[in-house]
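The sequence and structure are shown first.

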Amino acid sequence: MDITIISPITYVAAHYEAVCRLMRQLTVRNVVLTEQEYTKMVTTPSNRLFLLLCEERVVGMLTVGMYASPTGTKAWIEDVVVDASLRGSGLGRRLVEHAIGFCREVGIDTVYLTSNPKRVAANALYQSVGFVRKETNMYKMDLNK
């Protein structure tokens with residue numbers, strides 16, 4: 001199996017379509033990612049989209065968002081998903097480890113992610129690569145409602 005991880009920096013229609021397909025597997029919410037939003041995402045320097053290709057077909061993705069603060073450089077790993085037909089094959093681990101390696105390369109001090117407790121396999125993966133559960137209150141405010 002030929003596995004490659006790429007990070008697109010320009011709009012490519014096939015990549016955009018694959019991200020939209022994977023988003024439908026990630027969430028039950030009807031998330032509509034426009035071509036313009038996708039382009040902004042891949043061209044913004046503080047964002048990094050990683051696409052996992054198997055035999056040149058996009059079968060997984062995650063996003064890394066980075067920022068600097070007075071307490072250090074930080075990154076969030078978001079929207080981790082591997083195509084349902086390939087889950088359990090170690091591809092998610094390869095993708096997450098690749099993102100962690102990228103964060104190390106660019107000098108990030110701390111990497112965060114959140115995961116729904118119901119995603120048992122995903123939570124086990126994150127813990128197995130070294131993430132530790134942080135005791136905190138996570139708050140959310142939707143500004144577009």
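The following paragraphs treat the aromatic pairs and then a residue in a strand.

The model is predicted. It holds six aromatic pairs. In one of them, the ring centres of Tyr 11 and Tyr 16 lie 5.9 Å apart with planes at 45 degrees, so this pair is tilted. Tyr 11 is partly exposed, because its relative accessibility of 31% falls between the limits of 20% and 50%. Tyr 16, in contrast, counts as buried at 13% relative accessibility.

Tyr 16 also pairs with Tyr 38: their ring centres are 5.7 Å apart, and their planes stand at 65 degrees, which means that the pair is edge-to-face. This second pair links distant parts of the chain, since Tyr 16 belongs to helix α1 (residues 13-26) and Tyr 38 to helix α2 (residues 35-43), 22 residues apart. Tyr 38 is buried, as is Tyr 16. Through these ring pairs, Tyr 11, Tyr 16 and Tyr 38 are joined into a cluster.

The geometry of the two pairs is set out below.

| Ring pair | Centre distance | Plane angle | Class |
|---|---|---|---|
| Tyr 11 and Tyr 16 | 5.9 Å | 45 degrees | tilted |
| Tyr 16 and Tyr 38 | 5.7 Å | 65 degrees | edge-to-face |

The strand residue is Thr 63, which is found in β3 (residues 57-69). Thr 63 has a relative accessible area of 12%, and is therefore buried, the limit being under 20%. Leaving aside residues up to four places away in sequence, Thr 63 touches Met 41, Arg 48, Leu 49, Trp 76, Ile 77 and Glu 78.

Definitions and conventions
Residues are numbered from 1 along each chain as its sequence is written. This is a predicted model: local features need pLDDT of at least 70, side-chain atom pairs count only at pLDDT 80 or more; totals for chains, interfaces and linings use all residues. Side-chain values use heavy atoms; hydrogens and water are left out. Helices (H or I, at least four residues) and strands (E, at least two) are DSSP runs, numbered from the N terminus. Buried means under 20% relative accessible area, exposed over 50%, partly exposed in between (1.4 Å probe, protein chains only). Contact means heavy atoms within 4.5 Å. Rings of Phe, Tyr and Trp (its six-membered ring) pair if their centres lie within 6.5 Å; planes under 30 degrees apart count as stacked, over 60 as edge-to-face and the rest as tilted.
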